[in-house]
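Please report on the structure shown here.

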Amino acid sequence: MAALKERNPRAWRRRLRFELAAVASIEHYTAVLGQWIMDNDRLDKAGVDPTMLDLLRWHGAEEVEHRSVVFDVYKAMGGRYPTRVAAWVVSLFFLYWALIGGSLYLLKQDPTIKRRVTPLRVYRSYRRSVRLGHVPGIFRLLLGEAPVYLRPDHHPSKVCSTPRALDYLTHSPAAKAAGYDPY
């Protein structure tokens with residue numbers, strides 16, 4: 001990339017803006033997932049290990065808390081709407097496959113799963129987990145958030161709750177034990 005910057009600074013800036021736009025779209029989804037995790041009381045009722053759930057919610061709150069950073073850098077670099085849409089399309093494709101591929105990889109590595117991991121078994125288990133509210137529906141998440149993110153006047157500060165995230169970061173048992181202070 002350094003060679004491109006020296007050879008063609010314009011192309012380098014265009015590529016940088018595209019990459020920033022792609023990361024900004026992924027940050028939108030991680031923030032929405034973070035909010036979902038913080039607000040989902042079904043995970044508590046399912047008997048999820050409290051320490052792991054706290055860690056997951058802390059990470060979700062952290063995703064909500066910094067959701068605007070890359071988007072703001074993109075805009076400051078002169079990022080425009082058409083590039084944001086194009087980068088969203090590309091990142092959505094890779095995000096979908098990363099979620100599917102990452103999940104299958106983790107399932108295959110799990111020593112507690114005794115039966116062979118097959119696509120049909122994974123799909124049935126996934127649908128059951130969605131119905132129970134233990135995981136969000138991937139299509140509903142990815143496509144349901146499209147109209148939100150693709151609004152021309154979109155800004156990440158208009159979605160999710162910074163006060164809710166900061167409240168969780170402040171009151172998280174692990175954060176308290178570590179002496180974490182977000183202020």
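## Helix H4

In this predicted model, helix H4 covers residues 50-65. Its 16 residues, at 1.5 Å a residue, should span 22 Å, and its end C-alpha atoms are 22 Å apart, so the two agree. The expected span is 1.5 Å times one less than the number of residues. Helices here are DSSP runs of H or I with at least four residues, strands are runs of E with at least two, and both are numbered from the N terminus.

Asp 49 caps the N-terminal end of H4. One of its side-chain oxygens lies 3.0 Å from the backbone nitrogen of Thr 51. The buried residues of H4 are Leu 53, Asp 54, Arg 57, Gly 60, Ala 61, Glu 63 and Val 64. Buried means under 20% relative accessible area, exposed means over 50%, and partly exposed lies in between (1.4 Å probe, protein chains only). An α-helix has 3.6 residues a turn, so residues three or four places apart point the same way. The buried residues of H4 pack against helices H2 (9-39), H3 (42-45), H10 (162-171) and H11 (173-178).

His 28 is found in helix H2. With a relative accessible area of 4%, His 28 is buried. Its contacts, leaving aside neighbours within four places in sequence, are Glu 145, Val 148, Tyr 149, His 154 and Val 159. Contact means heavy atoms within 4.5 Å.

Gln 35 also has its place in helix H2. Its relative accessible area is 12%, so Gln 35 is buried. Not counting residues up to four places away in sequence, Gln 35 touches Val 64, Cys 160, Ser 161 and Arg 164. Val 64 is one of the buried residues of H4.

## Aromatic rings

The whole structure holds 4 aromatic pairs. Among them, Phe 93 and Phe 94 have ring centres 5.3 Å apart and planes at 80°, so this pair is edge-to-face. Rings of Phe, Tyr and Trp (its six-membered ring) pair if their centres lie within 6.5 Å; planes under 30 degrees apart are stacked, over 60 edge-to-face, and the rest tilted. Phe 93 is partly exposed at 47% relative accessible area, while Phe 94 counts as exposed at 54%.

Tyr 96 and Phe 139 form a tilted pair, 5.7 Å centre to centre with 35° between the planes. This pair links distant parts of the chain: Tyr 96 is in helix H6 (residues 81-109), Phe 139 is in helix H8 (residues 138-144), and they are 43 residues apart. Tyr 96 is partly exposed at 22% relative accessibility; Phe 139 is exposed at 52%. Together with Trp 97, Tyr 96 and Phe 139 form one aromatic cluster. Elsewhere, Arg 84 lies over the face of Tyr 149, at 5.1 Å from the ring centre. A charge sits over a ring if NZ of Lys or CZ of Arg is within 6 Å of the ring centre and within 35 degrees of the ring normal. Tyr 149 is also one of the contacts of His 28.

## Whole chain

The protein has 11 helices and 0 strands. Its C-alpha atoms fill a box of roughly 55 × 45 × 30 Å, taken along the principal axes. Of its 183 residues, 33% are buried. Among contacts with a separation of 6 or more, 74% join residues 24 or more positions apart.

## Confidence and conventions

Mean pLDDT (the predictor's confidence in each residue, from 0 to 100) is 91, and 96% of residues reach 70 or more. Confidence is lowest in helix H1 (residues 2-7), at a mean of 68, and highest in helix H5 (residues 69-76), at 98.

Residues are numbered from 1 along each chain as its sequence is written, and side-chain values use heavy atoms, with hydrogens and water left out. Local features need pLDDT of at least 70, side-chain atom pairs count only at pLDDT 80 or more, and totals for chains, interfaces and linings use all residues.

Technical notes: A polar contact is a pair of N or O atoms within 3.5 Å; within protein, one must be able to donate a hydrogen and the other to accept it, and residues adjacent in sequence count only if both atoms are side-chain atoms.
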